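Visitor: Can you walk me through this one? I'd like to start with the helix packing.

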Amino acid sequence: MPESKTKTRAGRPLKPLITRDAAVRAAIKVIDRDGLEALSVQAVARAMKVSAPSLYYHFKDKDELLELVALELLREVGANADKDACWEDRMVGLSLATRRVILRHANAAPLMLRFFPRRLMLSAYEHALADCPFPAQHHIVISEAIEKLTYGSSLFAAAAATYHTPAIPAFDVERFPLFARAISSGPGDEEAIFVESLRSLIDGFRARYGPK
C-alpha cells in the first residue's frame with residue numbers, strides 16, 4: 001500500500017503537530033472563549049490536543065506566548081490597511097481597524113497595555129510618518145494623539161463588552177437633559193462617534209500645524 005501523506009514509515013507525522021503560529025491561534029481562541037485569566041500553556045495544549053511539555057519547546061514561558069498573541073492581533077489590524085489611501089484616510093482606516101480587532105477579541109484587550117503596540121510594531125509607526133503632511137517637529141505629538149485616542153477608545157469599549165456594562169448607562173433624561181440631547185443629536189453609534197472624533201482631531205492638526 002502507498003505510504004500515508006501524513007505519516008512516515010515509522011508512524012510519525014510528516015508535518016509537526018505543533019507550530020508557533022498554530023499555538024498562537026489556539027491561544028486566541030481560548031482567550032476569546034474563556035477570558036484572559038483562563039489562558040495557560042496547559043489550556044492551549046488541551047485545545048490543540050497535545051502535551052503541555054511539547055508546547056514549552058516552542059515558548060519559553062506564558063509571557064512569550066502572550067506577547068505573540070498581542071503581535072498577532074496587531075498583524076490582524078495591518079491586514080486591513082488600505083495602502084493606496086491618502087495619509088488621513090489611512091490613519092482613520094487603521095485606527096478603525098484597531099478598534100474593530102480589539103472589540104472582536106475584547107478579552108485580549110489588556111494585552112495592548114501590557115505589550116505596547118509601539119514596541120511590537122515600530123515599523124508600522126515609521127511607515128505612518130513617511131508621508132505625514134505636517135512638519136516633522138510635530139510628528140511625535142500627532143503620533144501620540146492618534147495612538148492614545150485609538151487605544152483609549154478601543155480599550156474602554158472592550159472593557160464595557162467584557163464586563164457587560166453599557167458605555168452609556170441608563171439615566172434620567174429630565175435630570176440630565178444636556179447629556180440626553182448630546183446623545184440623541186450625535187453622529188450615531190459608538191463607532192461613528194469614534195470616527196468623527198478622530199477626524200476632528202486630524203482637523204485640529206491641520207488648523208494648528210498646516211500652512212498659514
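Guide: First the terms: helices are DSSP runs of H or I with at least four residues, numbered from the N terminus. Axes are lines fitted to C-alpha atoms over the stretch in contact, and angles run from 0 to 180 degrees between N-to-C directions. This is a predicted model, where local features need pLDDT of at least 70, side-chain atom pairs count only at pLDDT 80 or more, and totals for chains, interfaces and linings use all residues. Residues are numbered from 1 along each chain as its sequence is written, and side-chain values use heavy atoms, with hydrogens and water left out.

Visitor: At what angle do α1 and α2 pack?

Guide: About 105°, with the axes of α1 (residues 20-34) and α2 (residues 41-48) 9 Å apart. That makes α1 roughly perpendicular to α2 (65 to 115 degrees).

Visitor: Which residues make the contact?

Guide: From α1, Ala22, Ala23, Ala26, Ala27 and Val30; from α2, Ala43, Val44, Ala47 and Met48. Contact means heavy atoms within 4.5 Å.

Visitor: Moving on, what does UniProt place at residues 40-59?

Guide: An unreviewed UniProt entry has "DNA-binding region" there; such annotations may be inferred rather than shown by experiment. The span is 65% helix and 0% strand (strands are E runs of at least two), and its end C-alpha atoms lie 12 Å apart.

Visitor: And which residues have the most contacts inside the largest nonpolar core?

Guide: Val44, Met48, Leu55, Leu111 and Met112, in a core of 42 residues. Such a core is a set of buried Ala, Val, Leu, Ile, Met, Phe, Trp, Tyr and Cys residues joined through side-chain atoms within 4.5 Å, buried being under 20% relative accessible area with a 1.4 Å probe, protein chains only.

Visitor: Which helix gives the most to it?

Guide: α4, with 9 residues.

Conventions
Angles under 35 degrees count as roughly parallel, over 145 as roughly antiparallel, 65 to 115 as roughly perpendicular and the rest as oblique. Buried means under 20% relative accessible area, exposed over 50%, partly exposed in between (1.4 Å probe, protein chains only).
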